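Please have the sequence and the model open while reading this note.

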Amino acid sequence: MANCGYVVAPAAMGGGVARAMCLHSLEQARARGFRAMQFNFVIASNERAVRLWQRCGFGIVGRLPGAFAHPTRGFVDTLVMYRVL
């Protein structure tokens with residue numbers, strides 16, 4: 001099981017950086033013989049990231065209630081997202 005997590009600088013958001021990192025990670029994981037990849041801690045309120053990971057083939061397989069202290073929204077859920085390679 002490969003495990004990934006990314007943070008994109010605000011100035012780079014919307015430029016395809018996260019998608020490029022994800023696609024690169026998927027390629028590298030396959031090349032190294034991994035059979036699946038997982039994101040352990042996707043902030044549920046980050047709808048843009050959730051949609052991107054879903055477009056990259058990841059599904060939501062778990063939810064951690066109130067696991068992240070968001071600076072303006074208080075405690076928000078995080079998601080575990082998974083896909084087979």
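1. Strand β1 (residues 2–4) pairs with β2 in the parallel sense, over three bridges. Strands here are DSSP runs of E with at least two residues, helices are runs of H or I with at least four residues, and both are numbered from the N terminus. Two strands count as paired if DSSP finds at least two bridges between them.

2. On the source of the model: it is predicted, so local features need pLDDT of at least 70 and side-chain atom pairs count only at pLDDT 80 or more, while totals for chains, interfaces and linings use all residues. Residues are numbered from 1 along each chain as its sequence is written, and side-chain values use heavy atoms, with hydrogens and water left out.

3. β1, α1 and β2 make a right-handed β-α-β unit. Right-handed means that, with the strands pointing away from the viewer, the path from the first strand over the helix to the second runs clockwise.

4. Why is strand β2 (residues 36–43) described as largely enclosed by the rest of the structure? Six of its eight residues are buried. Buried means under 20% relative accessible area, exposed means over 50%, and partly exposed lies in between (1.4 Å probe, protein chains only).

5. β2 also pairs with strand β4 (residues 74–84), in the antiparallel sense and over six bridges. In this pairing, V42 stands opposite L79 in β4.

6. Strand β3 (residues 59–70) and β4 run antiparallel and are joined by eight bridges. The two strands form a hairpin, with three residues between them. F68 has V76 as its bridge partner in β4, and L64 has T78.

7. T78 belongs to strand β4. Is T78 buried or exposed? T78 is buried, because its relative accessible area is 0%. Leaving out residues up to four places away in sequence, T78 touches F41, V42, I43, A44, G62, R63, L64, A67 and F68. Contact means heavy atoms within 4.5 Å.

8. M21 is found in helix α1 (residues 17–31). M21 counts as partly exposed because its relative accessibility is 28%. With residues up to four places away in sequence not counted, M21 touches Y6, V7 and V8. G5 is 16 residues from M21 along the chain, and their C-alpha atoms are separated by 9.6 Å.

9. The largest pocket has a volume of about 660 Å³. Of the 24 residues that line this pocket, V8, A18, N46, A49 and W53 are the closest to its centre. A pocket is an open set of points on a 1 Å grid over the protein atoms alone, where a 1.4 Å probe fits, with protein on both sides within 12 Å along at least five of seven lines; lining residues have an atom within 4 Å of a point. Grid points are joined across faces, edges and corners, and the volume is the space filled by probe spheres set on them.

10. Which element gives the most to the lining of the largest pocket? It is α2, with six residues.
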